[in-house]
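I opened my notebook to look up a few things in this structure.

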Amino acid sequence: MRPFKTLDAKAAPLPFASVDTDQLIPARFMKRSRSEGYGQYLLYDMRLDGEGNPIQDFPLNNPARAGAEILVGRRNFGAGSSREAAVYALVDYGFRCVIAPSFGDIFASNSVNNGLLPAQVTEEDAETILSLIENSQDRAFVDLDTCEIRLANQVFRFEIEPVWRTKLLNGWDDLDLTASYADDIARYMVSDKERHPWLQEIPASI
Amino acid sequence: MLREHRPQTLFDRIWQNHVIASQSDGQQLLFIDRHLVHEGSFHGFNKLKDKNARVSRPDLTFGIVDHYAPTRIRDISKIDAAIAGMITQLEENCLANDVRIFGLNDPRQGIVHVVGPEQAITLPGATIVCGDSHTSTHGAFGAIAFGIGASEVAHVLMTQTLWQKKPKSMRVRFDGKLGPGITAKDMALAMIAAIGADGAQGHAIEYTGSAVEGLSMEGRLTLCNLSIESGARCGLIAPDMTTVNFLRHRPLAPKGDLFERAAEAWLSLRGDGDAAFERELVIDGSEIAPVVTWGISPEDALPITSAVPLPDDMTDESRAAHTREAIDYMGLRPGMPLTEIPVDRVFIGSCTNSRIEDLRAAAAVLSGRKSAVPGLVSPGSSLVKQQAEQEGLDRIFVDAGLEWVDSGCSMCVGMNGDLVPPGERCASTTNRNFKGRQGPKSRTHLMSPAMVAAAAVTGHLTDVRDLMGGRS
């Protein structure tokens with residue numbers, strides 16, 4: 001996975017609360033494989049009308065926002081379904097960081113597993129950042145090392161689970177770490193068979 | 001004891017039982033006892049293929065067709081090719097990895113969160129994961145059960161473990177006794193309305209109190225199912241005799257003496273009385289009225305006796321903005337009584353409310369009555385369907401004018417093509433009233449099965465207690 005250290009990029013506003021993963025990627029687009037790309041379906045029903053034409057006043061359709069890599073939302077971003085495709089859609093569209101006051105737990109975890117930074121700020125700071133970028137101060141600098149967002153000569157602190165921060169900074173994949181515990185896993189299975197045989201062995205007949 | 005013993009919650013105890021290794025940053029490697037996969041798990045299987053890996057514990061992995069399951073035609077050659085492809089892909093992935101599969105035409109097929117308990121794949125004290133957020137359902141048995149993303153699905157497939165940081169603890173106590181016509185669905189929606197759809201983010205909820213202990217397993221499954229809609233990682237309830245009696249003689253439960261030994265362990269599985277929770281919430285169960293959602297988030301929930309909120313009266317600007325957006329999307333008027341909201345169709349089904357007890361509750365209201373609107377009833381599993389038919393419930397639904405179909409996720413998420421048409425309003429027993437959840441531009445009102453049945457009878461949102469005279 002590509003490490004995330006700093007990001008100097010254009011930001012786009014998404015001034016809605018509870019943008020759930022059903023909005024981020026509607027269920028009907030989830031049959032495709034990862035390699036086919038999900039970017040074109042990001043926020044499909046918010047971004048495009050029934051005929052597939054861009055909705056004029058939707059923030060991401062503003063030509064000035066083209067190429068944005070930072071998305072700024074309101075509370076409860078990414079709530080709902082565990083679909084990792086919601087993160088694929090954001091990443092394939094070009095985003096590397098989402099700033100919001102709170103995130104759905106599964107969404108945040110999926111983000112980290114795909115190198116997308118979920119940066120949690122206070123509701124007050126989210127509102128300030130939204131109004132700054134809506135007023136053309138649209139370039140932000142995100143520093144994961146110091147957990148700071150710099151924008152229009154102001155500095156905003158963000159929170160992230162320390163475990164996730166380390167993982168993003170290093171671009172680590174859990175599987176690499178788990179491989180080094182193979183013996184411990186094997187030992188656990190043997191001892192748990194004694195402790196909880198009903199968990200480790202399931203009747204064969206189904 | 002040399003080491004001081006810190007009082008543990010039920011969650012702590014089950015978690016501790018599954019820790020294989022701990023990192024200094026607080027991350028812990030957990031063993032996963034049960035992994036459920038469905039059609040949407042193909043990303044996980046693809047990652048496995050990319051690494052030339054195999055499923056580590058196929059014996060602890062179960063494939064179940066639900067998300068794309070057609071509910072009217074079970075002949076896969078006669079359905080949409082892309083949907084058929086999703087089902088075939090799961091069956092092939094399971095077959096190639098020796099994973100047991102409940103395929104489309106298996107008599108035990110159904111929604112993963114209904115089949116798991118029904119077959120006793122779900123057991124107390126277990127860790128259970130699935131690439132589906134409503135995996136929290138299984139916590140009803142006193143298990144740690146949570147939804148995961150595709151990368152984590154791949155990790156569990158390959159290692160039967162997951163790295164996790166322990167969530168914070170929260171206890172929600174429902175005191176008292178529920179009134180007539182009040183169900184676990186109303187309890188859950190009342191809680192979500194109180195704390196918000198992100199109110200329990202980062203927490204594991206333990207449900208306690210007399211109103212919880214009084215619930216059947218079906219009710220407990222509904223309550224735990226909706227934990228995720230409060231933002232919680234998972235929800236769980238300590239096992240008791242209701243739990244043990246439900247599991248006895250189920251196909252994959254331990255047998256004979258082993259069952260008795262397991263049952264003893266399950267009944268002793270509870271938190272220490274003096275264990276501290278990081279958050280506590282107490283709700284008076286006797287005060288809960290039937291709850292419906294009026295907006296586009298499960299937190300937009302109110303007792304049926306109230307009215308659509310007035311955004312102009314709100315002091316919190318972002319709350320007011322959300323309320324306006326919701327009222328606009330739902331096509332409502334601020335201040336209109338909830339009982340004046342007409343419905344265009346109804347849906348009874350989903351992992352939240354499709355078990356036999358749910359169907360009985362809806363049928364009790366519909367019996368001898370006609371539905372004013374069209375609607376779909378999709379049982380949670382093929383076995384629930386069979387049992388409902390033995391009890392004659394299917395006749396009640398069909399005589400009322402509703403469609404009685406096969407089992408699957410169906411109109412909760414619309415992946416199989418069961419959709420609410422654009423602009424239509426659906427009274428639904430499901431779990432998410434998100435914009436477009438039941439189909440592009442669909443409008444969803446969440447409520448209990450009995451409340452959906454009441455809305456079907458009158459054609460508008462209705463307090464089921466007004467239709468219950470002499471019925472239960």
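My entries follow, one topic at a time.

**Entry 1: the model.** I note that this is a predicted model.

**Entry 2: the largest pocket.** I looked up the volume of the largest pocket, and it is about 740 Å³. Next I checked the lining, which has 27 residues. Closest to the pocket's centre are A:Asp105, A:Ala108, A:Glu161, A:Trp164 and B:Gly202. Which elements supply at least two residues each of the lining? From chain A I wrote down α4 (105–112), β4 (117–120) and α6 (162–170). Then I sorted the lining by class: eight residues are nonpolar, nine are polar and 10 are charged.

**Entry 3: cysteines.** How many disulfides are there over all chains? I got zero. I then looked at A:Cys147, which is in no disulfide. Its nearest cysteine sulfur belongs to A:Cys97 and is 11 Å away. Is A:Cys147 buried or exposed? A:Cys147 has 9% relative accessibility, so it counts as buried. I turned to B:Cys426 next. The cut-off for a disulfide is 2.5 Å between the sulfur atoms. B:Cys426 also counts as buried, because its relative accessibility is 0%.

**Entry 4: domains of chain B.** I found chain B divided into domain 1 (10–164) and domain 2 (293–462). On contact between them, I noted 23 residues from domain 1 of chain B and 24 residues from domain 2 of chain B. The centres of these two domains, taken over C-alpha atoms, are 28 Å apart.

Key:
Residues numbered from 1 in each chain as written. Chains lettered and ligands numbered in written order. Predicted model: local features only at pLDDT ≥ 70, side-chain atom pairs only at ≥ 80, totals over all residues. Heavy atoms only, no water. 1 Å grid on protein atoms, 1.4 Å probe; cavity = no way out; pocket = protein on both sides within 12 Å on 5 of 7 lines; lining within 4 Å. Points joined across faces, edges and corners; volume = space filled by probe spheres on them. Helix = DSSP H or I, 4+ residues; strand = E, 2+ residues; numbered from the N terminus. Nonpolar A, V, L, I, M, F, W, Y, C, P; charged D, E, K, R; others polar. Buried < 20%, exposed > 50% of the residue type's maximum accessible area, 1.4 Å probe, protein only. Domains from an automatic or database assignment. Contact = heavy atoms within 4.5 Å.
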